[in-house]
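Please view the sequence and the structure below before turning to the notes.

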Amino acid sequence: MGVNDEGYDYLVALAGNPNTGKSTLFNELTGLKQHVGNWTGKTVTRAEGETTSGNSLIKVVDLPGSYSLRSTSPEEEVARDFLLFGEPDCTIIVVDATNLERNLNLVLQAIELTDRIVVALNLMDEARKKGIGIKHKVLEKRLGIPVVPIVARNGEGVDKLMEIVVLVSSGHIQLSPKRIKIKGVLKSAIDSLLPKISETYPGFSNPRWLAIELLSGHERLSQELIWTNIAEHIEMEQIAGSGAAA
């Protein structure tokens, strides 16, 4: 992905919907120690910087604002690919506490991609003004990942956020994100695809995610795989699934 993290203790990605305060958090963390360029082969802007937490030196990569990781735009494709192939030690998903329901869609998609996620519950000051109360510990339990209330623009909660990010990055906190449980015909189709995916793409970090995306009719991925045996197998599974549902 073209990100050089040599010399750093951890590589951390920042992701989130547009207008959640993600870039504000990036600026709060990195100050003047930033570098701006473009992602390799893309016109999408890439911002990198560094920060510290305790004795840890951390490289922070600000991913493009995205509502989804299903790569319908160059920005979403960059964000998705970095979570899949960039191998960040931890990903911070910044969400707007005043618009939580909409923002959780991205969190749930990211959980399907990686085990190492921390949610930064930003704009808590705005939520308090609007009388919005959020039981973040309940949310944390239901998602299976840490949820840290913050106000990025004044630094409230940011130190605590980064302490937890380091604990997740170092493996001192082991997470078990709550993923969507899939049953029935779809589960059978996914299970049948997994060996094919592992055979064709050995070492791919998340074959279950790829199986789900392909079976859901992800056109771009299907086009990329159309000449492979996997694509042929998927088509057979989709036909079988349609027959079972009829």
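How much space lies in the largest pocket? About 280 Å³ of space lies there; a pocket is an open set of points on a 1 Å grid over the protein atoms alone, where a 1.4 Å probe fits, with protein on both sides within 12 Å along at least five of seven lines. The model is predicted, so local features need pLDDT of at least 70 and side-chain atom pairs count only at pLDDT 80 or more, while totals for chains, interfaces and linings use all residues. Residues are numbered from 1 along each chain as its sequence is written, and side-chain values use heavy atoms, with hydrogens and water left out.

**The chain as a whole**

- The chain has ten helices and seven strands, which are DSSP runs numbered from the N terminus (helices: H or I, at least four residues; strands: E, at least two).
- Of its 246 residues, 48% count as buried, that is, under 20% relative accessible area with a 1.4 Å probe and protein chains only.
- Among contacts (heavy atoms within 4.5 Å) between residues at least 6 apart in sequence, 69% join residues at least 24 apart.

**The largest pocket**

- Its lining residues, which have an atom within 4 Å of a point, include Leu 69, Arg 70, Asn 105, Gln 109, Ile 180 and Trp 209.
- The elements that give two or more residues to this lining are α3 and α8 (207–215).
- Helix α3 provides the largest share, five residues.
- By class, seven lining residues are nonpolar, two polar and three charged; Ala, Val, Leu, Ile, Met, Phe, Trp, Tyr, Cys and Pro count as nonpolar, Asp, Glu, Lys and Arg as charged, and the others, Gly among them, as polar.
- In α8, the buried residues include Trp 209 and Glu 213, and both of these also line the largest pocket.
- Gly 217 follows α8 and has a positive phi, near 90°.

**Gln 109 in helix α3**

- Gln 109 is found in helix α3, which spans residues 100–113.
- Gln 109 counts as buried because its relative accessibility is 18%.
- The side chains of Gln 109 and Ser 68 are joined by a polar contact of 3.2 Å; such a contact is a pair of N or O atoms within 3.5 Å, one able to donate a hydrogen and the other to accept it.
- Not counting residues up to four places away in sequence, Gln 109 touches Ser 68, Leu 69 and Arg 70.

**The second largest pocket**

- About 210 Å³ of space lies in this pocket.
- It is lined by 14 residues, of which Leu 83, Leu 84, Glu 87, Arg 116 and Ser 205 are the closest to its centre.
- Helix α2 (residues 74–85) gives the most to this lining, with three residues.
- The lining has six nonpolar, five polar and three charged residues.

- Leaving aside neighbours within four places in sequence, Val 107 is in contact with Ile 93, Val 95, Val 119, Leu 143 and Ile 145.
- Asn 122 lies in strand β6 (residues 117–122) and is buried, with a relative accessible area of 1%.
- Asn 122 and Thr 98 are 24 residues apart in sequence and 8.7 Å apart in space, C-alpha to C-alpha.

Conventions
Buried means under 20% relative accessible area, exposed over 50%, partly exposed in between (1.4 Å probe, protein chains only). Grid points are joined across faces, edges and corners, and a volume is the space filled by probe spheres set on the points.
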